[in-house]
Amino acid sequence: MRPEILNPLFAEVTVLKGIGPALAKPLERLKIARVIDLALHLPSGWVDRVAVDELDMADAGRTIAITLTPVDYRQGGRGPVRCHATDAKGNYVSLVYFGGNAGWVKKLLPLGEPRRVSGRLEMYGQELQIIHPDYVLPLDEAGAVGGREAIYPLSEGITSRRLGQLAAQAIERAPALPEWIEPGLLARRDWPSWREAIARVHADPQDAGARARLAYDEIFANQLALMLVRASSRARKGRALAGDGRLRAALQLPYAPTGAQASAIAEIEGDLAQSAPMLRLLQGDVGSGKTLVAAMALLIAVEAGAQGALLAPTEILARQHYENLQRLLSGLPVRLAVLTGRDKGRAREGVLMGLADGSIDILIGTHAIFQEAVGYRDLGLVVVDEQHRFGVAERMMLTNKGQNPHLLAMTATPIPRTLTLALYGEMDVSRLDEMPPGRQPIQTRVLSEDRLDEVVAALGRHLEGGGQAYWVCPLVEESEKSDLAAAEARAAALAARFPGKVGLVHGRMKGPDKDRVMAEFAGGRLGVLVATTVIEVGVDVPNATLIVIEAADRFGLAQLHQLRGRVGRGTGASNCLLIRGSALSETSRARLALMRDTNDGFRIAEEDLRLRGGGELLGTRQSGEAMFRLATPELLQELLPIATDDARLLIDRDGGLSGARGQAARIALYLFERDAGVALLRSG
């Protein structure tokens, strides 16, 4: 149960004065649904409004606040409306409004009536002007327009000033909370209390101490939750799985495992032999051979008489894993089955019976494999692919099937060491940082969009030589509709040039339709697969050795690296063409240069964190789970080790959640919605 002291903050935002249907929409677009969302919607900058008594050309370029009296209006044809106004000394300024609605301007600025006006003063020839003033208010409503004002991330239909007023109401409702930071650390850093920090950041966005305090609180809650999950997992009694090696010895491998694979397998084998359930993350770049490591882990479980399950985030991936494992384990006395949400009727019943009576050894599937109706005779090991798609809560749900099964999580998104601790602090980590023999580095080139015709001609030559290719369409904006329109237009253009050879997949297609197109491409019946970023994870077609990524400057580094990993899966030389727009920002230029220069996913991940921050690093826009809203990458790197030590101190020295500081820390876990950790320790 959430502590009562937090109820005022978790009330719906409509409890605040002045929020009606008109404001609810823009707030919803900003993901502000509760009072706490408003309090934590921090300013991104500020503007200094200089209060002046008279107009002065020396102030051109500054944002001023001044009392003016309108004297006349001018509008030439369809041009802007100009309201001429004077200050107390009779100096003139033009207030300029584009859009041509003279009636609205006359209502806003009645002739002869003084108004408090604020905006950026500019020179226009020899005349002073303010284009679209920020504020025009009657004197009795102007209050304290002037001084430093916070600027907020906005949505259409709401101004910074309005957001600031709502934030002030949210802060008024915020209770004084007991202190969860270790007293010595608080004194050394000279940080304010939590409530004072929130108030200070909204009043002065430049307040570094208050920002650091809030970022620290969020990181501390995160690290504490992960430690509680880990402690709970360690305390659970699972069962030791000691394989006898017979199945692994019978496995016919085309090549010897790399050193990194061998050591990861040894670490997993050691974990499985313990009665405390394994909680391990396997990090491996695209193509580093995670599937083999997972297969070995599953075979150990089967050798020990238990069942294994492999969970994939999508149906395409689940079926692909099933086919790959069937190939790899063919000839072994191991029975595999696949189960996705699409499987119905007799096929599904057969799988459920096989799981219950133990005749199925390894089940591969989507979330469907953990539904209520799915019962295992003896589930000993769960492997989760593309770990970042599953949060702590889902990881806990998985372990409720079977008797605390061992858990191996895998991700092909290389994660910087800083973030590994923040995301997976409760897990042991194995890294695959070597490529298996025979994998060739992918040649990457960056081309301008005005060379698109050359790219299409090169694609034609590639197809004539028997090759296959991916063509990824741009991330247009946060809307799938526009991504889809771009993909459909590109597919149509390419199909006209290469009839019968072009397929299209996108996120809005039904599972069976998507699978059908993918199967045609994998079987070589299609030469080009046009796609939105739906192909980002895991699609495996060794004959596809060319990928074209349109508007590559709109993608993040980690995502570009994932997409590039769709090729280079066979022994042939592979190419990646990054098509860039003409107007490149410095960040985009640096990103594309790095992609051209290196295939090392771990180096790319470190750079991605530096260039654009941790919120999007893991493709979290796809998984819908932004890790940190207050901690910037810089603060994360600085404060993470300190917060981790502080959380450990709380558990080891200060009595965990049952001591006085622990009771305060429990409030922090709920405040930052890391309460999965609390759920595990209801008893104390």
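Predicted model: local features only at pLDDT ≥ 70, side-chain atom pairs only at ≥ 80, totals over all residues.

## A seven-stranded open sheet

A sheet of seven strands is also open and paired in parallel, and its order is β11-β12-β10-β13-β14-β9-β15. Because β11 (336-339) and β15 (428-432) stand at the edges with a single partner strand each, one side of each is left without a neighbour in the sheet. The twist in this sheet averages 20° from one strand to the next. The partner of β11 is the parallel strand β12, residues 362-365, to which four bridges join β11; Val338 has Ile364 of β12 as its bridge partner.

Helix α12, residues 315-328, packs on the sheet and touches β10 (307-311), β11 and β12, its direction making about 170° with that of β11. Helix α10, residues 259-272, lies across β9 (279-284), β13 (379-384), β14 (406-411) and β15, and runs at about 160° to β15.

## The chain as a whole

The protein contains 25 helices and 21 strands, and its C-alpha trace spans about 95 × 70 × 45 Å along the principal axes. Of its 684 residues, 55% are buried, and among contacts with a separation of 6 or more, 73% are between residues 24 or more positions apart.

The protein exposes about 29600 Å², of which carbon and sulfur atoms supply 50%. It carries 81 positive and 82 negative charges, and the mean positions of these two sets are 3 Å apart.

## Arg661 and its surroundings

Arg661 is found in helix α24, and with a relative accessible area of 10%, which is under 20%, Arg661 counts as buried. Leaving aside residues up to four places away in sequence, Arg661 touches Glu179, Trp180, Ile181, Glu182, Phe220, Asp646, Leu649, Leu650 and Asp654. Ser193 is 468 residues from Arg661 along the chain, while the C-alpha atoms of the two are separated by 14 Å.

## Two residues with positive phi

Ala551 has a positive phi of about 50° although it is not a glycine, and is found in the loop between β20 (544-549) and α19 (557-564). The relative accessible area of Ala551 is 15%, and the residue is buried.

Glu673, likewise not a glycine, has a positive phi of about 55° and lies in the loop that runs between α24 (660-671) and α25 (676-680). Glu673 is partly exposed, its relative accessible area being 41%.

Notes:
Residues numbered from 1 in each chain as written. Heavy atoms only, no water. Pairing = 2+ DSSP bridges. Axes fitted to C-alpha atoms, helices over the stretch in contact; angles between N-to-C directions. Contact = heavy atoms within 4.5 Å. Buried < 20%, exposed > 50% of the residue type's maximum accessible area, 1.4 Å probe, protein only. Areas by Shrake-Rupley, 256 points an atom, 1.4 Å probe, with all protein chains shown as cover. Lys, Arg positive; Asp, Glu negative; His and termini not counted. Charge placed at Lys NZ, Arg CZ, Asp CG, Glu CD.
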